[in-house]
Amino acid sequence: MSRVSCRLNICRLRSHRSYTSAELSQTLKVHAQTVHNWRKQGLQPIDESERPLLFLGSVVRGFLRSRIARRKSKLQANQVYCLRCHSGVVPDPQTITVEVVGRWLGNGVQAVRVRGLCPGCGANVIRLSSMKAIFLTSFWPKLQQGTQRLSGSHSTHLNTDERTGN
Ligand SMILES: [Zn+2]
């Protein structure tokens, strides 16, 4: 946890200090707009009626941590994050391709790239994962196929339901 937190400079925050939006963006090295977005996503100031708005360090830290935890826990091993749906989705099995990326993640774990189409909105979804993580998930058999026939046909067969207004 602490490693993730520090990457976002969360550990720079002092629990009992209050910060203005500008100070937050400076301390956390994020854009002012980002702080503004956090506000919209539920970050609570000490006093709504007070100007400038002040945010308590411990509250900001808690907000960011729960955000990280939520994003992480959202994704199961067989899911890919859809940017359009803002959630983890299980891609349509027929659309899944898994390729080995020429990169090692350390501990002898090799990186794989999972691609597919979101069953909800049809957007391309992509996830960088590892051999180890996808083992025994629905992605695993796709990897086997992928390595056997890399030059597959381009016509991916899809059951496309005509949907209007979506
Ligand atoms: Zn989607």
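In helix H2, Ser21, Ala22, Leu24 and Ser25 meet Ala32, Thr34 and Val35 of helix H3, where contact requires C-beta atoms, placed from the backbone, to lie within 7 Å. By class, this contact of H2 with H3 has 4 nonpolar, 3 polar and no charged residues; Ala, Val, Leu, Ile, Met, Phe, Trp, Tyr, Cys and Pro count as nonpolar, Asp, Glu, Lys and Arg as charged, and the others, Gly among them, as polar. The model is a predicted one, in which local features need pLDDT of at least 70 and side-chain atom pairs count only at pLDDT 80 or more, while totals for chains, interfaces and linings use all residues. Residues are numbered from 1 along each chain as its sequence is written.

Helices H2 (residues 21-28) and H3 (residues 32-40) have axes that come within 9 Å and cross at roughly 115°. Axes here are lines fitted to C-alpha atoms over the stretch in contact, with angles running from 0 to 180 degrees between N-to-C directions. Helices (H or I, at least four residues) and strands (E, at least two) are DSSP runs, numbered from the N terminus.

Further along, Arg65 sits in helix H4 (residues 57-74). Arg65 is partly exposed because 15 other C-beta atoms lie within 10 Å, a class between buried (20 or more) and exposed (12 or fewer), with C-beta atoms placed from the backbone. Arg65 and Ile10 are 55 residues apart in sequence, yet 8.4 Å apart in space, C-alpha to C-alpha.

Turning to the strands, E6 (residues 110-117) pairs with E7 (residues 124-130) in the antiparallel sense over 7 bridges, pairing being assigned if DSSP finds at least two bridges. Ala111 has Ser130 in E7 as its bridge partner. The two strands form a hairpin with 6 residues between them, and Gly122 in the turn has a positive phi of about 80°.

How values were computed:
Contact = placed C-beta atoms within 7 Å.
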